[in-house]
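Subject: Structure for your review

Hello,

Here is the structure we talked about, with the sequence alongside. My notes on it follow below.

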Amino acid sequence: YNLYFPLSNGEETLIIQGIIGSFDVVDNQLARLLKEQQFASIQQHFAKQNIFNKLLQRGYITTKTKEEESTFLKTLCKKLLTKSQKNIHITFVLTYNCNFRCEYCCERYVQNKGNIVLKKQFTPEMVDAVFAQIEKFHANGQTVNGITLFGGEPLLPQNETIIRYICEKSIEREIPIYCVSNGFYLKHYVPLLKKYGVRKIQITL
């Protein structure tokens, strides 16, 4: 469950352990040996730095058998599924439009479809439908632990009316509000966000 990302300097690799979340930058030789599971070579070439034990501690190498690993993953997935079924987070994708065109954006393929997609807007009727579903969640004993405003760029000026509507309905139900934005229009929205006590704003660049 290790992920490998070569860095632009051509000499190092970022490795990420997908289960426990460890991440480290290592030289390419070590990354190659780890990827190829050449553990004896790691112990031989990096003995002085005690690299093998460090990789073990960070979770990049496991001592579990296949059966133990399978049991561990099944238990982990079951716990995550149970938690996600009881605690629900709602994300409003208010628009796919954005005032930026970042090269790395995961939604570039959507933006490239043109105005048919970019001009679509969230409506009050859509918001009402979401909050009707939230009431059903509550009736089933489930908890909605937050609402996130997302996009595209949610804080475009033309979204102000629908954002205010969402915030009003969220506050009525004491649901925390979050936002993911590029921050360009943040100053414009500060009064609104303060009024409704938006819990957290994540600025992505």
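**Salt bridges and the rest**

Glu160 and Arg164 are four residues apart in helix 8, so about one helical turn separates them. Their side chains form a salt bridge, with N to O at 3.2 Å. By salt bridge I mean a side-chain nitrogen of Lys or Arg within 4 Å of a carboxyl oxygen of Asp or Glu. Glu160 is partly exposed at 24% relative accessibility, and Arg164 is partly exposed at 28%. Here buried is under 20% relative accessible area, exposed is over 50%, and partly exposed lies in between, using a 1.4 Å probe and protein chains only.

Before going further, some notes on the source: this is a predicted model, in which local features need pLDDT of at least 70 and side-chain atom pairs count only at pLDDT 80 or more, while totals for chains, interfaces and linings use all residues. Residues are numbered from 1 along each chain as its sequence is written, and side-chain values use heavy atoms, with hydrogens and water left out.

Side chains of opposite charge can pair when their charged atoms come close. The count of salt bridges under the rule above is six. One of the others joins the side chains of Glu135 and Arg173, at 2.9 Å from N to O. That pair links distant parts of the chain, 38 residues apart: Glu135 is in helix 7 (residues 124-139), and Arg173 is in the loop between helix 8 (160-172) and strand 6 (177-181). Helices (H or I, at least four residues) and strands (E, at least two) are DSSP runs, numbered from the N terminus. Glu135 is partly exposed, at 37% relative accessible area, and Arg173 is partly exposed too, at 27%.

Arg173 also forms a salt bridge with Glu172, where the closest N and O atoms are 3.4 Å apart. Glu172 is exposed, with a relative accessible area of 60%.

**Overall form**

The protein has nine helices and seven strands. Its radius of gyration is 23 Å, well over the 17 Å that the globule rule gives for 205 residues, so the protein is more spread out than a compact globule. The radius is taken over C-alpha atoms, and the globule rule is 2.2 Å times the number of residues to the power 0.38. Along the principal axes, the C-alpha atoms fill a box of roughly 65 × 40 × 30 Å.

Of the 205 residues, 33% are buried. Among contacts between residues at least 6 apart in sequence, 58% join residues at least 24 apart; contact means heavy atoms within 4.5 Å. The protein exposes about 13300 Å², of which carbon and sulfur atoms supply 55%. That area comes from the Shrake-Rupley method with a 1.4 Å probe; for residues, only the protein chains shown count as cover.

There are 26 positive and 18 negative side chains, and the centres of the two sets lie 2 Å apart. Lys and Arg count as positive and Asp and Glu as negative, without His or the chain ends. Each charge is placed at NZ of Lys, CZ of Arg, CG of Asp or CD of Glu.

**Around helix 9**

Leu186 is in helix 9 (residues 186-195) and is partly exposed at 23% relative accessibility. Leaving aside neighbours within four places in sequence, Leu186 is in contact with Leu155, Leu193, Ile201 and Ile203. Tyr185 is in the loop between strand 6 and helix 9, and is partly exposed at 25%. With neighbours within four places again left aside, Tyr185 is in contact with Asn99, Leu155, Leu156 and Pro157.

**Backbone points to check on screen**

Most residues other than glycine have a negative phi, and most peptide bonds are trans. Gly151 and Gly152 are joined by a cis peptide bond, with omega about 20°. Gly152 is in the loop between strand 5 (143-150) and helix 8. Gln37, not a glycine, has a positive phi of about 60°; Gln37 is in the loop between helix 1 (28-35) and helix 2 (39-45) and is exposed at 57% relative accessibility. Asn50 also has a positive phi, near 55°. Asn50 is in the loop between helix 2 and helix 3 (51-58), and is partly exposed at 37%.

Regards
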